[in-house]
Amino acid sequence: MANQGLFSAAKSMKSVKLKFRIPYFTEWGQSLLVCGSEPTLGSWNVKKGLLLSPVHQDDQLIWTATISVPCQFSCGYRYYVVDDAKNVLRWEMGNERRLSIPHLLPEGHTLELHDLWQTGADALLFRSAFKDVIFCKNSTFNIDRPEAILHDELVQQESILVRFKICCPNVQEGTSVYVIGSSTKLGNWKVQDGLKLHYTGEYIWEAYCEMPWRGCGVAVPMFSVRSEDDIGVGEFLDLKLLVDWAVESGFHLVQLLPINDTSVHRMWWDSYPYSSLSVFALHPLYLRLQALSKNLPEDVKSEIRNAKERLDGKVDSPIF
């Protein structure tokens with residue numbers, strides 16, 4: 001999360017979400033960090049940079065982080081491999097990355113950066129031997145601003161904006177650079193329907209593409225969200241632990257079965273979660289009794305402890 005104090009002087013400032021994403025395999029005890037020219041990214045002080053979180057996707061280890069930044073935000077940035085104390089172990093080579101939020105990106109939307117680690121080979125093409133000799137020619141490519149190609153309005157509220165960027169120094173005159181993929185927005189692997197990249201100078205080709213948001217999550221009944229403090233079934237306060245676990249696991253959603261009060265017949269079939277007596281009242285079964293008051297009588301505390309010991313791991317739930 002971004003440090004909201006950085007924007008305290010302008011609380012009404014409109015903001016967008018900026019998501020960094022880069023695949024990189026680290027060793028035990030190593031993390032990835034992004035540091036840049038603006039205070040939100042540490043002002044080139046790696047110790048104050050933004051740590052990324054890892055998640056496995058297929059055979060890759062993907063590092064991501066999301067922050068809120070002002071609309072039309074711009075900065076330079078670079079990725080670093082650091083240890084637990086944020087000491088730099090290595091950094092990517094090549095030129096400093098540059099970022100400018102498209103001015104047409106509406107407030108609250110997300111710009112997702114799909115980056116790749118820059119190696120020493122990536123910097124070679126920008127040396128004078130390549131720029132001034134090998135690739136020296138009178139280029140007729142017009143320099144475009146990719147954000148100008150965007151629609152005037154991004155109509156999907158739950159969409160994200162993805163920037164594609166690649167260095168292609170030896171593109172022949174009369175040819176174009178496209179990106180294709182499995183998404184309809186990327187042509188369903190058909191080049192003729194793919195996303196055309198626009199030349200922005202210095203051999204760089206870029207394009208922005210609006211994508212529908214997708215996320216993964218976990219679905220679980222409330223009574224199964226168990227912890228060491230509950231009395232036989234999961235309790236509302238256990239949701240804090242579930243959310244923390246979901247965040248650490250890279251999940252975006254937590255879905256529960258209905259948690260409304262079903263105490264109608266006061267029989268075992270009241271455990272069916274879809275026969276509630278109210279659409280507003282929550283089920284008292286999931287209250288944490290010892291948290292209701294700090295001044296519970298000792299006999300009540302004793303009864304709670306005995307019930308906890310008796311019911312721990314011994315509550316069966318019927319299957320419907």
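Let's start with aspartate 84, which is exposed, with a relative accessible area of 71%. That puts aspartate 84 over the 50% cut-off for calling a residue exposed. You'll find aspartate 84 in the loop between E6 and strand E7, residues 88–91. Now, what sits across from it in space? The C-alpha atom of aspartate 84 is separated by 6.8 Å from that of glutamine 30, and the two residues are 54 apart along the chain.

One thing to keep in mind as we go: this is a predicted model. The average pLDDT of the protein is 82, and 85% of the residues score at least 70. Among the elements, E2 has the highest mean pLDDT, at 97, while helix H1, residues 120–124, has the lowest, at 70. Please be careful with residues 1–12, where the pLDDT is below 50. Beyond near neighbours in sequence, that stretch has 9 contacts in the model.

Lysine 86 is not a glycine, yet its phi is positive, at about 65°. Serine 43 is another residue other than glycine with a positive phi, near 50°. Where is serine 43? It lies in the loop between E2 and strand E3, residues 50–51. At 40% relative accessibility, serine 43 counts as partly exposed.

Let me zoom out. The protein has 320 residues, of which 38% count as buried, and its elements are 4 helices and 16 strands. If we take contacts between residues at least 6 apart in sequence, 65% of them join residues at least 24 apart.

Next, the inside. In soluble globular proteins, nonpolar side chains tend to be buried together. Here the largest nonpolar core has 28 residues. Which of them touch the most other members? Those are Leu18, Phe20, Tyr77 and Leu111. At least two core residues come from each of strand E1 (15–23), strand E2 (31–36), strand E5 (60–70), strand E6 (74–82) and strand E9 (110–114). E5 gives the most, with 5 residues.

Is serine 74 buried, exposed or partly exposed? With a relative accessible area of 34%, serine 74 is partly exposed. Leaving out neighbours within four places in sequence, serine 74 is in contact with Glu38, Leu99 and Ser100. Serine 74 and proline 102 are 28 residues apart in sequence, with 9.3 Å between their C-alpha atoms.

Last stop, empty space. Rolling a probe the size of a water molecule over the atoms shows where empty space is left. How many cavities of 30 Å³ or more does the structure hold? It holds 1, and the largest cavity has a volume of about 30 Å³. Its lining is made of Pro221, Met222, Phe223, Leu257, Pro258, Pro273 and Tyr286. By class, that lining has 7 nonpolar residues, with no polar and no charged ones.

Terms used. Residues are numbered from 1 along each chain as its sequence is written. This is a predicted model: local features need pLDDT of at least 70, side-chain atom pairs count only at pLDDT 80 or more; totals for chains, interfaces and linings use all residues. Side-chain values use heavy atoms; hydrogens and water are left out. A nonpolar core is a set of buried Ala, Val, Leu, Ile, Met, Phe, Trp, Tyr and Cys residues joined through side-chain atoms within 4.5 Å. Buried means under 20% relative accessible area, exposed over 50%, partly exposed in between (1.4 Å probe, protein chains only). On a 1 Å grid over the protein atoms alone, a cavity is a set of points where a 1.4 Å probe fits but cannot get out, and a pocket is an open set with protein on both sides within 12 Å along at least five of seven lines; lining residues have an atom within 4 Å of a point. Grid points are joined across faces, edges and corners, and a volume is the space filled by probe spheres set on the points. Ala, Val, Leu, Ile, Met, Phe, Trp, Tyr, Cys and Pro count as nonpolar, Asp, Glu, Lys and Arg as charged, and the others, Gly among them, as polar. pLDDT is the predictor's confidence in each residue, from 0 to 100. Contact means heavy atoms within 4.5 Å.
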